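Here is a brief report on one predicted model. The text starts with a helix, then turns to a core and a pocket.

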Amino acid sequence: MSHLKTFMSITDVSIANDIIKILNENNIVFKVKDTAKDFDPSLSNDTSKDSILIMAKEEEFTKISQLLEDKMPFNINDFDPQHPLFSFSISELKDVVKNYDEWHPIDVKLAKYLLKQQNITVENEEIISNQTLKKEQADKPEKSDFVTIAIGYAFAIISGFVGIGIAFFLLTSKKRLSNGEKIYMYSKTTRLHGIFILLLGIFFIVYLIFIRKSHV
């Protein structure tokens with residue numbers, strides 16, 4: 001099922017079970033991946049590492065989203081008046097709808113309901129465009145900011161061990177793609193800086209050891 005991609009990342013098991021039940025009842029081809037059981041130290045900065053990923057065929061994402069909207073019971077009177085979405089702006093409510101994979105389906109339905117009360121509809125084209133852009137950005141290797149790299153070089157000279165630690169972070173950190181595959185978090189250029197920082201840190205450690213021995 002390598003062609004399946006992440007439709008939704010969920011941290012609440014009960015919510016995941018509700019969604020899985022609906023997908024099973026409607027014969028949707030999907031896969032569930034519990035990332036907490038696939039722990040990788042290099043994914044320590046991956047916010048999805050303890051999530052339950054629900055993966056499906058990308059061309060069925062819109063269908064599944066509509067299915068969850070139709071099947072999840074919704075009654076506006078069941079909501080607590082203090083529910084956060086009631087205080088959301090129009091822009092924030094639109095973001096909830098466009099980022100449906102980050103919210104409980106009932107919250108998405110509530111956001112659509114509140115928008116509808118103001119005669120506002122988020123078109124499917126907007127949702128698909130937002131999801132495509134988000135996945136493209138998530139699947140791209142990241143560039144570490146200049147400050148992190150500069151600090152790495154500085155610590156490699158001042159304190160070799162700290163510099164080496166930063167180098168290993170830049171070299172080994174990974175993230176999970178929308179299809180569940182793991183890749184290096186940082187770009188080749190950033191990892192090249194990691195190699196230079198590592199070598200510099202090792203050099204200064206050896207140099208300091210040599211200097212101390214020469215003064216004994």
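Buried residues in H4 are Pro105, Ile106, Asp107, Val108, Lys109, Leu110, Ala111, Leu114 and Leu115. Buried means under 20% relative accessible area, with exposed over 50% and partly exposed in between (1.4 Å probe, protein chains only). Helices (H or I, at least four residues) and strands (E, at least two) are DSSP runs, numbered from the N terminus. Nine of the twelve residues of H4 are buried, so the helix is largely enclosed by the rest of the structure. The cover over these buried residues includes H1, H2 and H3.

The length of H4 fits too. At 1.5 Å a residue, its twelve residues should span 16 Å, and its end C-alpha atoms are 16 Å apart, which agrees. The expected span is 1.5 Å times one less than the number of residues.

The model is predicted: local features need pLDDT of at least 70, side-chain atom pairs count only at pLDDT 80 or more, and totals for chains, interfaces and linings use all residues. Residues are numbered from 1 along each chain as its sequence is written, and side-chain values use heavy atoms, with hydrogens and water left out.

Lysine 109 lies in H4. This lysine is buried, with a relative accessible area of 13%. Leaving aside neighbours within four places in sequence, lysine 109 is in contact (heavy atoms within 4.5 Å) with Glu69, Met72 and Phe74. Its C-alpha atom is separated by 9.8 Å from that of asparagine 75, 34 residues apart along the chain.

## Core

A nonpolar core is a set of buried Ala, Val, Leu, Ile, Met, Phe, Trp, Tyr and Cys residues joined through side-chain atoms within 4.5 Å. The largest has 34 residues; Phe7, Ile10, Ile19, Leu23, Ile64, Leu68 and Leu85 touch the most other members.

| Element | Residues |
|---|---|
| Strand S1 | 4-10 |
| Helix H1 | 13-25 |
| Strand S3 | 52-57 |
| Helix H2 | 61-71 |
| Helix H3 | 90-98 |
| Helix H4 | 105-116 |

Not counting residues up to four places away in sequence, phenylalanine 7 touches Ile54, Met55, Phe61, Ile64, Ser65, Leu68, Tyr100 and Asp101.

## Second largest pocket

The second largest pocket is lined by 21 residues, with Thr62, Ser65, Tyr100, Asn124 and Ile127 nearest its centre. On a 1 Å grid over the protein atoms alone, a pocket is an open set of points where a 1.4 Å probe fits, with protein on both sides within 12 Å along at least five of seven lines; lining residues have an atom within 4 Å of a point. H5 gives the largest share of the lining, six residues.
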